[in-house]
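Q: I would like to learn how to read a structure feature by feature. Where do we start?

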Amino acid sequence: MGWVWWPGNRWWKAAAVGGVDSRGDGGDGWWFGVDGGKWEREMSEFRTKLGVEGGGLYYYGICTAGGMFSAGATHLAVTPLDVLKVNMQVNPIKFHSIASGLNILWKEEGPSSLWRGWSGKLFGYGVQGGFKFGLYEFFKSQYTNMLADERQSVVFFLSSASAQVFADVALCPFEAVKVRVQTQPNFAKGLSDGFPKLYAREGISGFYKGLLPLWGRNLPFSMIMFTTFEHSVDLIYRKIVQRRKEECSRAQQLGVTCVAGYTAGAVGTIVSNPADNIVASLYNKKANTVLQAARNIGLVNLFTRSLPIRVAIVGPVLTLQWFFYDSIKVLSGLPTSGGRIRGVESGA
């Protein structure tokens, strides 16, 4: 027998019942019994057309749109913390703690200073989120078929890394302007005047000066984050909930998504913290090369500087991102993320 997600948020279960059409209310869905072989063939074709299993434009389109909304909205919401984080990285003596740092920004530059760079957060990370989530699902489907004998973690690592490469190329120009707006009050007010000013000063290379350290920060973060999320979801259902995903209500499924999302964000933040400090140093001309930036910051500070504020930002942001992302998928008639290597679980 097999499970398939039907638009309208119902799980349909197929079973051979002597070729007789028997329907009943199953609580979380409907029981629908027909000839087993014919049912499986028809539903396999339906899933392929719909793209539920990964491979259709509908599925990837929903994942991309969900990624854009979830990433853009959540990053916009935490802009004040991001402004503080960047200033703590660039000027750690002045901005040495979260409370005092927010107080300094408020007193010296006014409350509006806490929202500097909001447009870069909304649009930059919105574009990045669309690429990251949409391409992750695409590459996961491709690598699953290519590497059928490999461990799931290998597929998760490769899929997230491949998606992040393209996502960061899209993000980099927005990030270059955003960081300067947040740390250099007289540079520009936002993207509209920041893009032409940066281009006039440094040319096209100015937008991609931080691409390599951005990859250095986001590639390990993304690989750890997606892999941790996938395995966390699977572990929660198997060991804690002890039920299949489709046997849980939508609220329970989204609850699992939130727990796994926070776990994935916390782990990924610790791994990527050194590269995040290097990115901030390069963008603000505290160093000319990655090696020089690492030496200036120091080994211990690479791992500890701005870590508390990053955990405070990334944990809730990742939790909300996964919640919004999976909510959009559920409302579109798709299953929540994680737990299996394919986009839809099969009990066949």
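Q: Over which residues does pLDDT stay under 50, and how many contacts beyond four places in sequence does the model have for them?

A: pLDDT is the predictor's confidence in each residue, from 0 to 100. A contact means heavy atoms within 4.5 Å. Here, residues 341-348 stay under 50, and the model has 29 contacts for them beyond four places in sequence. The mean pLDDT of the chain is 79. Of its residues, 81% reach 70 or more. Residues 1-36 are also below 50, a stretch with 93 contacts beyond near neighbours in sequence.

Q: What ground rules apply to the values?

A: This is a predicted model, in which local features need pLDDT of at least 70, side-chain atom pairs count only at pLDDT 80 or more, and totals for chains, interfaces and linings use all residues. Residues are numbered from 1 along each chain as its sequence is written, and side-chain values use heavy atoms, with hydrogens and water left out.

Q: How many helices and strands are in the chain?

A: Helices (H or I, at least four residues) and strands (E, at least two) are DSSP runs, numbered from the N terminus. The chain has 12 helices and four strands. Among its contacts with a separation of 6 or more, 69% join residues 24 or more positions apart.

Q: At what angle do helix 3 and helix 4 pack?

A: Helix 3 (residues 79-90) and helix 4 (residues 98-109) pack at about 100°, with axes 10 Å apart. They are therefore roughly perpendicular. Helix 3 brings Pro 80, Val 83, Leu 84 and Asn 87 to the contact, and helix 4 brings Ile 98, Gly 101, Leu 102 and Leu 105. By class, that gives six nonpolar, two polar and no charged residues.

Q: Is Tyr 237 buried or exposed?

A: Buried means under 20% relative accessible area, exposed over 50%, partly exposed in between (1.4 Å probe, protein chains only). Tyr 237 lies in helix 8. Its relative accessible area is 7%, so it is buried. Beyond four places in sequence, Tyr 237 touches residues including Arg 243, Cys 248, Val 256 and Thr 336. Val 256 is 19 residues away along the chain, with a C-alpha separation of 8.0 Å.

Q: What does Gln 164 contact?

A: Gln 164 sits in helix 6 (residues 152-183). Gln 164 counts as buried because its relative accessibility is 2%. Leaving aside neighbours within four places in sequence, its contacts include Gln 128, Lys 132, Trp 215 and Ser 222.

Q: Where is Lys 189 found?

A: Lys 189 is in the loop between helix 6 and helix 7 (191-202). At 79% relative accessibility, Lys 189 counts as exposed. Across the 348 residues of the chain, buried ones make up 53%.

How values were computed
Axes are lines fitted to C-alpha atoms, for helices over the stretch in contact, and angles run from 0 to 180 degrees between N-to-C directions. Angles under 35 degrees count as roughly parallel, over 145 as roughly antiparallel, 65 to 115 as roughly perpendicular and the rest as oblique. Ala, Val, Leu, Ile, Met, Phe, Trp, Tyr, Cys and Pro count as nonpolar, Asp, Glu, Lys and Arg as charged, and the others, Gly among them, as polar.
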